[in-house]
Every structure is written in C-alpha cells, then in structure tokens.
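Work through the exercises below with the structure open. Each task is followed by a solution in steps.

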Amino acid sequence: MKKGKKAAVVCVTLILLLTAHHAGAFSNQIIQRGAEGDDVIELQARLQYTGYYRDSIDGVFGWSTYWALRNFQESFGLPVDGLAGAATKKKLEKASKYDEAHVKSQIHKGRSFTYYGGADTTSQSVNSPPGFSQNDIQLMANAVYGESRGEPYEGQVAVAAVILNRVASESFPNTASGVIFEPGAFTAVADGQIWLTPNETAKKAVLDAINGWDPTGEALYYFNPDTATSAWIWSRPQIKKIGRHIYCE
Amino acid sequence: MRSFTIAGLTLLLAVTAIWGFSQYRQKEAMYIEAENGYQQAFHELVYQIDVIHDRTGEALAMNSKGNLTPALTDVWRLTSEAHNAISRLPLGFMPFSKTEEFLGSSGDFTYKTAVRDLDNEPLTDKEYNQLETLYSQAADLQKELRSVQMSVLDKNLRWTDIAHATAKGDEPADNTVIDGFNTIENKASEFSEADVFQAGQVEQSVSDDGLKRLKGNKVTKAEAASIAKDYFNIDAEVTTVEKNLKGAAIPFYNVAVIGKNGEEASMDVTEKGGYPLTFNVNKTSGKGKISLHDASKKAATFLEKHGFDNMVMTNSAQYDHTAVFTFTTKQDDILIYPESVTIKTALDNGVVSGLEAQNYWKNRRERDIESPTLTSDEAKKELHPKLTVMEVQKAVVTNDVGEDVLCYEFLAENGTASYRIFINAKDGKEERIEKLAEAEAGY
C-alpha cells in the first residue's frame, strides 16, 4: 500500500514535470499586474508574438501588458481576469513561440531589437511609485542617509515622510529637490553630508515613505532636542519621538 | 650655512603666504557667489510682490473679462515664483511659513478664477472682495519688503552673514533683515486668521475626526506591546513602548522591537481600542520564492484576520523581493478609495512586513451612498472619444474640495498610455484624471 502510494506520487510528479517541461519555461506562479522577472519577460514576449502586446519587453507587468493579456484572454475564450494562471499560460504557449536565450541576451545587452511584431526590448525596467523617478528616490535616499543614518529604521522612514509632507504642504516648495535644498532646512545639506553614498536601508526607507508609510503622523518638522538652538522649534506641537528626533507639526 | 637656512625659511614663508592668499581669494569668490544667489532671490521676491500688487490693482479696475483672465493668470504665476524665491533664501533660522501659506492660497484663488469662463460665470461679490483684500495685503507685504530691501542696499547687509550668525545661535550684527521678515510674517499670520480665501483653499490632509471616533477600551502599555507583537509575526523582544507627545491627533503607543534575527520593527497602536495605525518591519528579504499573486492572498488573509472587513486589492507592485499592495473597502459593488490601506509582504517567506492604515481610520465611517443618477453608458459619453474603455466600476473618491463623491471609474487607453478617469455619477463632471504610470527603464 505504502509502496503503491509512493509509486503514484512519483508517477504524478513525473507527469507534472514532463508536462511542465513540455509546456515551456513559465514557472508555476500565477502572474499578476505589478510583477517583475523572467516570467513577465516570457509573458510579454509571447503576447508580442501573438500580436496582442505592442510595447517593449521590459520585464515589468505594467498596464499595457495587462490590457494585452486581457485582450488575449477575451479572444481565446478564457475568463478575462488579467491574471496569467495555468489555463492562460497553456493557451499562450500553444499560440506562440519563445526563444528564451535570444530574448534574454538582447535584454541583457540593453539593445533595441525586433523580436516579433516589430516591437523592441529595453534593458530590464523596474517598478517605481507613480510620480517619482528612480532619480528622485536616489536624491531622497541621499538626504535621508545624510540626516539620519544612525537612527532606527522607523526614524529613517520618518525623515523621508517629513520631506514628502513638506512637498504636499503649501508652506514649502512643491518638489522633493526644492524641499531638500531649501537653504537651512536640513543640516545634512548645509554641511555636505548629503553627498555621502546612501546604503540600501536609506533607499528602502524612502520607498516605504513614498508608498504611503508615515510614522510621524503628518509631521512637517523634526529636531534633535539635545542640539536644537532655535526657540521657535520648541513651540511647535510635538507628535512623537523616534530615536533621537522629536517630530512636530 | 645659516644664511641658507634663512633663505630657505624665507622662501617657505613666501610660498605659504602666496598659498594662503590664493586660498583666501578662492574662499571669497565662493562666498560672493553664494551671496549673489541669495541677493538675486531676495530682489526677485521684492519685485514679484511689487508686480502682484500692481496686477491685482489693475484687475480690480478692469471691466472687460478678456483682460481679467490674463491679469489673474499673471498673479497666479507670480505667486508661484515668489514662493520659489522664498525657498531659495536662507530663512531656515526663522519661521516664514505664514507668508508662504499666504502666497499659496492667493495662488489657489487666482488660479480658480483665472481658469473659469468669466463670461458665463463672472466674479461674485465675494470674490471681488477677496481680490480687494489680496490687493491690500500685497501692499502691506510690498511696503515691508521694500523697507528691508532699502536697508539691505543701504547698509550693504549680506545674507551669508545673517545666515551664519543665526546658525551659530548669535544675534547678527544688524537685525534689520530679521526684524523686517518677522514683521512680514506677523502680518501674514493676521491675513490667515482673517481666512479670506478659506472657501477656495484645498485641504491638504483629511481631518483627524475619524481617529477621534474610534471606539474601545483603553489599552495599557503591556497590552499595546502584545498587540504589536501579534502584528509583527516575528519572534521578537520588545525594546521600548513610548507614549505619543502632546501634539498628536489622538493618544497612541509607539512599540519598538528587535527580532531574533536582528530585524527592527515598530508600530503605533491607538490607546483607545488598540487599533493599528502603522507598522513597519525592517527586514532584508531574501530571494523571492513566492509569487506576487500568492503574496497578495497572504496580505488579504492578514487583513481579514485583523478585522479589516470587505477589502479588495486595488493595486500591486513588486520592488525587488518585496510586494506592496493597496487594499480598498468595497461596499456592495462600490470601491471606497478614501478607505484604503497599504500593506507590504516579503516575497521570500510571504510574511506581512508592514501596514499603513492611518488614512483608513481617518476616513472610515458608515456610508449611506445614494444610487447614481447616470448609468455607466451615460457617464462614458463624458470621456474623450479617442479613449478605449477597458474596465468600469463604481467608486467613491475625494474630490478637489474635499468631498467624497460617487463616481464611475473608467480604466481606459488610447494606444500609447493608460488612464484612470473618475466621472461623477450624479452630474457627469470629470472629477479626476490620472495617467497611469508605466515601469521606468533601468539605466
């Protein structure tokens, strides 16, 4: 009985492996909008082959990939959910060819090339939050690292959140760079520490803040109570202390 | 031998003197360069306030609407430039936010009146009064700024000196500039107390009322710590539990922990009811093992388990090995966008590593939503004819005057870009339009 069970399992696994192999390179994951990686590259390449996807193959499941997938699902009589699940992937594999090595090498070289259907690849893209470029994130990471590299992680997210709260406020400039470089606003800018190379933690903190995390409760100012010289800053309503900084309205 | 030494030392001294002098010259040059930047910003500011004053004065006397719109547009542009000039001045040592607020709200007012079709909808009496107030307030600012400008020019005051002196905590040698700006700031606070532009002002953040309505028993420090640990999902040692400071919207505890593997995590828990406001675990996620889709399911289960009912995923994105999702309340078939949370999941083990729910609690309430006046097909007629609609659903969004309105949400594309458009379900007004971001190419 036990042996039989084992044999059955092996058998099923083999069949699964074989079909998986036969089916192509897609992994077993259900691919949804926002995903990055090899499966997305394959998805885009196959959708391009079938003529549904006209943008460049960049490895990020964005809106144009999403519409292409939905249109494909609709024409092939699949449930239109914008998710690349098992059934969709199978249909796609039947309807298209995918030369993985070729596509990847072109992406790797960052070279524009025509794959199928006349569209290009670009070097692999990355998700960035709406309204912020990779360079904005880098600049903010510089400011966060210069201002708060010795602080707990929450304190680093907090500094990034204060920058963003200022951008949103009428009393401050309307861009991240404007807020950061306002004379006298940040000590790290005044003493040049902003030009230190930020670490990954600072970047993560910035990304969290841009994605909505605000551990400060909408603070516009913060100061170190041990070194603050301005009497005015003490008059602001204080919300919370994180690490060495007090955050206030 | 001795004369050699003397000659050598003299030479050394001369070289040092020359080097020192050139250093001094270079420093002076940098100093003047910085000073010139400040001077430029300051004199521009004075000029712009001058023109704002003149242009509002002209607008008041204008009879033809054809001239009024350009005049108001000009004021709007100048308020933004003046704001910009202020942000380039070294005023970090003193509060100047009321003046900036004044510029911001006058900008909003002139923008709103300038973009309106004044033939169909002329200035109301109230707006005319607002314009008059703007005119007299600009006059006040102009007068003060001019007197500061006069003394700056007269006494040859340097912004760099003022900034350095105050940064060190000293009183600058000449207080004219600081006094002048303080007077301006006081004047501007009087303006904002008068609330002339309140009607047109955009609320920057939602009110805290929702937070104050939260119900439940008061939790103790120890309870707050155990609530936080339950959310963190890591084996952790509580390092600190701190109360909020006095200026916070509502009382809360800030719980900080360090996990067994060195992960830092922190969370704000409300004192009343022990609700989660925000939490974040700083964890380095290893290589992604689970898919974005599976991660979204884990996030959904997590929210359900912690009492966030009827929420559906409205956005998802992968950043390296971390997934970030937005979940939104769905009431019947209507998405309530103001009631959204952001949630983070590690893609190596699928554990939820962060939640931001402050806006959710602020906006959370029982909603009695009227049924729409328009059908979705009628609303669709309001869209640009070149757009292809891909998806449509009903949704509540906050519009630009801070009201929650029922809309039809259209996801559409025009061949090159995708858009999200909200059409008011009552009157067909285009409440909001967003161009949906595509991924950014790596460089």
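The model is predicted.

**Exercise 1.** Describe how helix H7 of chain A packs on helix H10 of chain A.

Solution. Begin with the handedness: the crossing of H7(A) past H10(A) is right-handed. Next take the axes of H7 (residues 153–168) and H10 (residues 200–210), which come within 8 Å and cross at roughly 50°.

**Exercise 2.** Find the residues with the most contacts inside the largest nonpolar core.

Solution. H7(A) gives the most to the core, with nine residues. Now follow A:Val144: beyond its neighbours within four places in sequence, A:Val144 is in contact with residues including A:Gln156, A:Ala160, A:Ala202, A:Ala205 and A:Val206. A second, separate core has 33 residues, among them B:Ile52, B:Leu68, B:Val75 and B:Leu89.

**Exercise 3.** How many residues of chain B are in contact with chain A?

Solution. The contact joins 56 residues of chain B to 61 residues of chain A. On the chain B side, helix H3 (residues 97–115) contributes the largest share, five residues. That side divides into 19 nonpolar, 26 polar and eleven charged residues.

Definitions and conventions
Residues are numbered from 1 along each chain as its sequence is written. Chains are lettered from A and ligands numbered from 1 in the order in which they are written. This is a predicted model: local features need pLDDT of at least 70, side-chain atom pairs count only at pLDDT 80 or more; totals for chains, interfaces and linings use all residues. Axes are lines fitted to C-alpha atoms, for helices over the stretch in contact, and angles run from 0 to 180 degrees between N-to-C directions. Helices (H or I, at least four residues) and strands (E, at least two) are DSSP runs, numbered from the N terminus. A crossing is left-handed if the near helix is turned anticlockwise from the far one by less than a right angle, and right-handed if clockwise. A nonpolar core is a set of buried Ala, Val, Leu, Ile, Met, Phe, Trp, Tyr and Cys residues joined through C-beta atoms within 7 Å. A residue is buried if 20 or more other C-beta atoms lie within 10 Å of its own, exposed if 12 or fewer, and partly exposed in between; C-beta atoms are placed from the backbone. Two residues are in contact if their C-beta atoms, placed from the backbone, lie within 7 Å. Ala, Val, Leu, Ile, Met, Phe, Trp, Tyr, Cys and Pro count as nonpolar, Asp, Glu, Lys and Arg as charged, and the others, Gly among them, as polar.
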